[in-house]
Amino acid sequence: MAALQSQSKIVRWIDHRLPIFTFMQHELHEYPTPKNLTYWWNYGSLAALMLMIMIATGIFLAMEYTPNVNLAFDSVERIMRDVNYGWLIRYIHMNGASFFFIVTYIHIFRGLYYGSYKEPRELLWILGVVILLCMMATAFMGYVLPWGQMSFWGATVITNLFSAIPLVGNEVVTWLWGGFSVDNPTLNRFYALHYLLPFVILGVVGLHIMALHTHGSNNPLGIDRKGPQDSIPFHPYYTIKDMFGVGVFLTIFAIFVFWFPNLLGDPANYIRANPLQTPPEIVPEWYFLPFYAMLRSVPDILFIKAKLAGVLAMFGSIFMLFILPWLDTSPVRSARFRPIYKWVFWLLVIDVLVLGYVGAHRPEGLYVVMGRIATLYYFFHFLILFPLLGIFERPLPLPTSISAAVTKGKP
Ligand code: HEM
């Protein structure tokens, strides 16, 4: 508050009527943060940056894009060739989606390693899962908009999955399409929702940050702050650390945008959508590959047909994350003090990478076996290992405080 007294008259005049400056002062400047956060804590702010970049570039793309099946593909080509810096805006948006997912996946795995989803941060985590679901829906619908071959056939395959719902499946698919195939009404509603959802994400991110600021950040030791000696103000210590991360991140992002803009995409999407010709391979963007692998790996299970079982596995793999805080029975947060979980965590990372690799290949021969084992392991990991580890694992002794661990007892 004292710092605000020194602000100009105008700032104080506004703040007296609408205390936004006091709020910012409290949340950013004074906000006490654990003194031991590592660079793994940079990814939340990077995700926020990516959300801003995606919304900004998306709005400019929308000014030139036409959501009509006869014009969409050409309007995108026009953006690439004729609109001033259209190529740059589109390449940032296209690669931005990939980078948004990279950052968010790292952010999630960081949370898994350090037990950031545990009490009292369960709702913070759940809001994160809601964000992830919204991001996936947004990315899926966005990919349909250029109306290339992969847009059309990807949309056809994924929307068709809903036909696996017993009894009403076909009606649901017709309802989703707004007709009897993926066509103009489908493109229009996907465009409307693709524009809307990022703002929903923005709102949920607001709640995510609110929940974060209620109890503050977790930290690499996973123990609570015991007093002022364990904290430092967010500004300038972490603003500068976040800004350094932003610099490194934007450099890598720029290398992709300027030198390898199509590396992460599929060349088939530069071919206009043709409903009469199925492409030889229908593959989603890389960030959906692990889930795509699960979808195709599951066989018939008792009376459940493979198609429905695959859909349940794919959606289940994400919905399961909602109950994660209650599946993990260990009282210790950070994997640093969990001698078995420390290794098991990396098994999950490898498992997801294997699933991604399998998802990029035809479901034949060895890939089928790999896909089934990796899918099974994914569920085993969360549903069986998580609860059991908490019971059988003997955690290492925790440090008495963050300060004691950081200074190793020295004053
Ligand atoms: C648009 C996407 C997202 C944005 C902008 C965002 C933003 C943030 C920010 C700024 C932080 C604080 C800095 C940090 O700890 O890195 C944070 C923390 C956190 N986020 Fe996210 N987040 C997003 C998605 C997610 C997702 C998908 C999950 C999980 C499914 C998640 C779970 C968490 C958790 C558990 C924390 C607390 C971490 C800790 O204190 O150790 N977030 N988020």
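Visitor: Where is S217 placed?

Guide: S217 is in the loop between α10 and β2 (231-233). Helices (H or I, at least four residues) and strands (E, at least two) are DSSP runs, numbered from the N terminus. This is a predicted model, in which local features need pLDDT of at least 70 and side-chain atom pairs count only at pLDDT 80 or more, while totals for chains, interfaces and linings use all residues. Residues are numbered from 1 along each chain as its sequence is written, and side-chain values use heavy atoms, with hydrogens and water left out.

Visitor: Does one call S217 buried or exposed?

Guide: Buried means under 20% relative accessible area, exposed over 50%, and partly exposed in between (1.4 Å probe, protein chains only). S217 has 12% relative accessibility, so it counts as buried.

Visitor: Which residues is S217 in contact with?

Guide: Contact means heavy atoms within 4.5 Å. Leaving aside neighbours within four places in sequence, S217 is in contact with Y31, P34, L37, W41, R121 and L212.

Visitor: Which protein donors does the iron atom of the ligand have?

Guide: Donors are N, O and S atoms within 2.8 Å of the metal (3.2 Å for Na, K and Ca); water is not among the atoms, so sites may look incomplete. Here the protein donors are H107 (NE2) and H208 (NE2), lying 2.1 Å from the iron atom. H208 counts as buried because its relative accessibility is 16%.

Visitor: What makes the arrangement around the iron atom octahedral?

Guide: Six donors count as octahedral if opposite donors are over 155 degrees apart and all others between 65 and 115; four count as square planar on those limits, or as tetrahedral if all angles lie between 85 and 135 degrees, and anything else is irregular. In this site the six donor atoms subtend angles of 82 to 179°, which makes the arrangement octahedral.

Visitor: How is the protein divided into domains?

Guide: Domain bounds come from an automatic or database domain assignment. Domain 1 is 33-220 + 227-282, and domain 2 is 284-411. Their C-alpha centres lie 22 Å apart, and 46 residues of domain 1 are in contact with 42 residues of domain 2.

Visitor: How much area do domain 1 and domain 2 bury between them?

Guide: Buried area is the accessible area (1.4 Å probe) that two parts lose on being put together, summed over both. The two domains bury about 3,900 Å², 68% of it on carbon and sulfur atoms. In domain 1, Y113, K118 and L161 lose the most area to domain 2, together 17% of what that side buries.

Visitor: How many salt bridges does the rule find across this interface?

Guide: Side chains of opposite charge can pair when their charged atoms come close. A salt bridge is a side-chain nitrogen of Lys or Arg within 4 Å of a carboxyl oxygen of Asp or Glu. Two are found across the interface of domain 1 and domain 2, and eight in the whole structure. K118 and D328 form a salt bridge at 3.2 Å, N to O. D328 lies in the loop between α14 (324-327) and α15 (341-359) and K118 in the loop between α6 and α7 (122-144), so the pair ties together parts that are 210 residues apart in sequence. D328 is buried at 7% relative accessibility, and K118 is buried with a relative accessible area of 7%.
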